Amino acid sequence: MNTGFIDTARREVRRMCSRKMYFAGMILVPVLMTFFFLDLMEEGLPLKVPTAVVDLDHSTMSRSITRSLSATELIDISEDAESYEEAMELVRSGKIYGFFVIPADFERDVVAGRRPTLSYFNNLTYFVPGSLTFKGFTTIAVGTTGNVIRQMIESAGLPVDAAPLIQPVEVQDHPMGNPWLNYSIYLSPTFLICLLALMIYLMTVFAITMEIKQGTSPEWLATAKGRIGVAVAGKLLPHLVVWSVVAQGIAAVLWGWCHFPCGSLWWMAVGMELFVVACLGFALMVTCVLPNPRLAFICCALVGILSFSFCGLSFPVEQMYGAIGIFSYLVPARYMILIYFAVGLDSLPVYYARYFYVAFFGFMLAGTLGLGRLRRACLNPVYVP
């Protein structure tokens, strides 16, 4: 019996081939952004962040600190500032992301046994460069403190062998999951997962709401013999095929070509496939609730952009306010990232990530709850700009 499913799928393929928007949004943007992020993070993390030094002492010791700062791979002393106010103006103008202040009479206070203060300021408005400047400045400040203590020990007449008192406990660091401390292993997959979710939301909303905007939704339903379930399934099938190829291609680049840690490539591939279906279900749910192009686009764009924060990428979900953190569990990207951390980075058995996989089915079912409302909107297409 002809249910109209195949005819609906063919009709959607013709619509997809007739507009360049589908090629740009479904293939071009994900592919370009994949190689953009991988190229940006090729060295593991952005290096040589522009900074400045405010040297108010101009002594041998202060010049040694400046040389040490210049020698680090994280920061680049690209500007010279003569005062705190001048350095702050450079930060406000965006020329630097932080600056290091060496106080006046620094060397004299050190030799006299006083405790001079080294200050550093970093702009965390830009999270990654701000964090890198903080790390670089902290490393130099701690190292300078150790050198000062060593000089004080030696000037007090103690033997050089007593210098290890500076660090009486030796710390051994053994990073798990990412022993190279490569930021790209953590950032690139999570960025691309959130980006893929955002594009799936937008293109799915575009495909469905354009039927209502252009007044072709009755024809769409007629092709599916009046069955909204068949109409939606036939329309989303070509999208599922394209997005599956794109998602698996991204997975192949990340865990095949770039050799990012991956405990189980098979389960990661399954997770990416379910993630695509969950994103389609989420976008369908939004479209059913808001069968208006403008409102649906705004909602999906807002959720997609906030997913970069809600998923725990830039701030731990456990430390968020409860009323904010709860939203992290309402976006599919959160569960895909948790799967990557558990199955990919930590190489845990899939048993420990089973609830994350099950969550994807919840998004799939949520997309079917408002089909009745979508059917009424399709039968009486009224576009409200």
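Thr-133 is found in helix α6, which spans residues 127–155; helices (H or I, at least four residues) and strands (E, at least two) are DSSP runs numbered from the N terminus. The model is predicted, so local features need pLDDT of at least 70 and side-chain atom pairs count only at pLDDT 80 or more, whereas totals for chains, interfaces and linings use all residues. Residues are numbered from 1 along each chain as its sequence is written, and side-chain values use heavy atoms, with hydrogens and water left out. The protein chain has 15 helices and four strands.

**Chain-level values**

- Of the 385 residues of the protein chain, 46% count as buried (buried is under 20% relative accessible area, exposed over 50% and partly exposed in between, with a 1.4 Å probe and protein chains only).
- Among contacts between residues at least 6 apart in sequence, 76% join residues at least 24 apart (a contact means heavy atoms within 4.5 Å).

- Thr-133 counts as buried because its relative accessibility is 0%.
- Beyond its neighbours within four places in sequence, Thr-133 is in contact with Val-49, Thr-51, Ile-75, Tyr-97 and Asn-122.
- Ile-77 lies in strand β2, residues 75–81, and counts as buried at 18% relative accessibility.
- With neighbours within four places in sequence again left aside, Ile-77 is in contact with Thr-51, Ala-52, Val-53, Leu-69 and Ser-70.
- The C-alpha atoms of Ile-77 and Phe-99 are 8.7 Å apart, with a sequence separation of 22 residues.

- Phe-23, Ile-27, Leu-28, Val-31, Leu-32, Phe-35 and Trp-257 make a nonpolar surface patch of about 690 Å².
- Patch residues have over 30% relative accessible area and no salt bridge; like charges are joined within 9 Å and nonpolar side chains (Val, Leu, Ile, Met, Phe, Trp, Tyr) within 5 Å. A salt bridge is a side-chain nitrogen of Lys or Arg within 4 Å of a carboxyl oxygen of Asp or Glu.
- Six residues of the nonpolar patch, its largest share, come from α2.
- Leu-32 lies in this helix and is exposed, because its relative accessible area is 52%.

**Nonpolar core**

- The largest nonpolar core has 62 residues, and those with the most contacts inside it include Leu-196, Tyr-201, Trp-243 and Phe-360 (such a core is a set of buried Ala, Val, Leu, Ile, Met, Phe, Trp, Tyr and Cys residues joined through side-chain atoms within 4.5 Å).
- Helix α7 gives the most to this core, with 17 residues.
- Not counting residues up to four places away in sequence, Tyr-201 touches Cys-279, Phe-282, Ala-283, Cys-300, Val-303, Gly-304 and Pro-332.

**Loop residue Phe-327**

- Phe-327 is found in the loop between α12 (322–325) and α13 (332–345), and counts as partly exposed at 40% relative accessibility.
- The C-alpha atoms of Phe-327 and Val-317, ten residues apart along the chain, are separated by 9.6 Å.

Technical notes: Areas by Shrake-Rupley, 256 points an atom, 1.4 Å probe, with all protein chains shown as cover.
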